[in-house]
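The sequence and the three-dimensional model are shown first, and the description follows.

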Amino acid sequence: MKDSSKKIFIGLIMVIIILLAIISYFLFFKKSKECPRCSAVTIKEVEVDPKHQFINYQGFKFKMSLDWDFVISDKDYTISNKEENLVINLTSLDIDYTTFISSTYQKEYLEKLQTSDNIIINKSSKENKNNADYYIMEGTYNSYNYLIIAIGNDKRTVLINSQFLNKVSYDKLKSSVIDFAISPFIKISNEN
């Protein structure tokens, strides 16, 4: 029985080796047929051009057009568009927005604008667009159309002072300036 047990044992080892060889062949050497759908799919990276740029001013994140350029000087940002028919100057006041828009403060502020800054304000009002509150003042500065938009929070008020080359520029760009001014309060989607 020893010879027959050895033959059976050797036979089992041979069968196991053959099975392992067949499994190894299918796993490592033979290419399986690929999924036709999988080979048809290719992944490409698509370059997406940004639609706007962001600037951070005094903790407020403004979204502005790509054709606007800005220059930083001290605490102020100056922005102009490529057509050079719009100049925006950002300044801030260490006063809360609620106090700034109060009638008492506005009376003093408008008087200062007219006497020392030579800005004539024709109308002003509290406005809301896209659930964002802002205060707008419209007038002239050295015979150019002028727009001041105030936004803020309980610590600071930011003034977006905008001067337009002419009435056509004012009419065309006023809405863009307002959108720029209130952009820190508008929830930004996953755009670039």
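## Salt bridges

Lys123, Glu138 and Lys174 are joined in a network of salt bridges, a salt bridge being a side-chain nitrogen of Lys or Arg within 4 Å of a carboxyl oxygen of Asp or Glu. The model is predicted, so local features need pLDDT of at least 70 and side-chain atom pairs count only at pLDDT 80 or more, while totals for chains, interfaces and linings use all residues. Residues are numbered from 1 along each chain as its sequence is written, and side-chain values use heavy atoms, leaving out hydrogens and water.

Helices (H or I, at least four residues) and strands (E, at least two) are DSSP runs numbered from the N terminus. Glutamate 138 is buried, at 12% relative accessible area, whereas lysine 174 is partly exposed at 22%. Buried stands for under 20% relative accessible area, exposed for over 50%, and partly exposed for values in between, with a 1.4 Å probe and protein chains only.

The count of salt bridges comes to six. One of them pairs arginine 156 with aspartate 94, whose closest N and O atoms are 3.4 Å apart. Here too distant parts of the chain are linked: arginine 156 belongs to the loop between strand 8 (144-152) and strand 9 (157-164), and aspartate 94 to the loop between strand 5 (86-93) and helix 3 (97-100), 62 residues apart. Arginine 156 is partly exposed, at 23% relative accessibility, and aspartate 94 is exposed, at 65%. Another salt bridge joins aspartate 117 to lysine 112 (3.3 Å, N to O); aspartate 117 is partly exposed at 29%, as is lysine 112 at 43%.

## Overall organisation

The chain contains five helices and nine strands. Read from the N terminus, the elements follow the order α-α-β-β-β-β-β-α-α-β-β-β-β-α. Of the 192 residues in the chain, 29% are buried.

The accessible surface amounts to about 13,600 Å², with 55% of it belonging to carbon and sulfur atoms. Such areas come from the Shrake-Rupley method with a 1.4 Å probe, and for residues only the protein chains shown count as cover. Among contacts (heavy atoms within 4.5 Å) between residues at least 6 apart in sequence, 47% join residues at least 24 apart.

Seven strands form an open sheet in the order 3-4-5-9-8-7-6, with antiparallel pairing; two strands pair if DSSP finds at least two bridges between them. Strand 3 (68-73) and strand 6 (119-129) are the edge strands, each pairing on one side only. From one strand to the next, the twist averages 20°. Helix 4 (residues 103-115) packs on the sheet and touches strands 5, 6, 7, 8 and 9, its direction making about 140° with that of strand 6. For such angles, axes are lines fitted to C-alpha atoms, for helices over the stretch in contact, and angles run from 0 to 180 degrees between N-to-C directions.

Eight bridges connect strand 5 with strand 9, and leucine 90 stands opposite isoleucine 160 of strand 9. Strand 8 is joined to strand 7 by seven bridges and to strand 9 by seven bridges. Threonine 140 has asparagine 145 of strand 8 as its bridge partner, while isoleucine 148 faces asparagine 161 in strand 9. The hairpin of strands 7 and 8 has two residues between the strands, and asparagine 142 in this hairpin takes a positive phi near 50°. The hairpin from strand 8 to strand 9 runs through four residues. Strand 8 is largely enclosed by the rest of the structure, because eight of its nine residues are buried.

## A buried methionine

Methionine 137 lies in strand 7 and is buried, with a relative accessible area of 0%. Not counting residues up to four places away in sequence, methionine 137 touches several residues, among them Phe100, Tyr109, Leu113, Ile121 and Ile148. Methionine 137 and asparagine 161 are 24 residues apart in sequence, with their C-alpha atoms 9.4 Å apart in space.

## A nonpolar surface patch

Phe9, Ile10, Ile13, Met14, Ile17, Ile18, Ile22, Tyr25 and Phe26 make a nonpolar surface patch of about 910 Å². Patches are made of residues with over 30% relative accessible area and no salt bridge, where like charges are joined within 9 Å and nonpolar side chains (Val, Leu, Ile, Met, Phe, Trp, Tyr) within 5 Å. Methionine 14 is placed in helix 1 (residues 2-29) and counts as partly exposed, at 48% relative accessibility.
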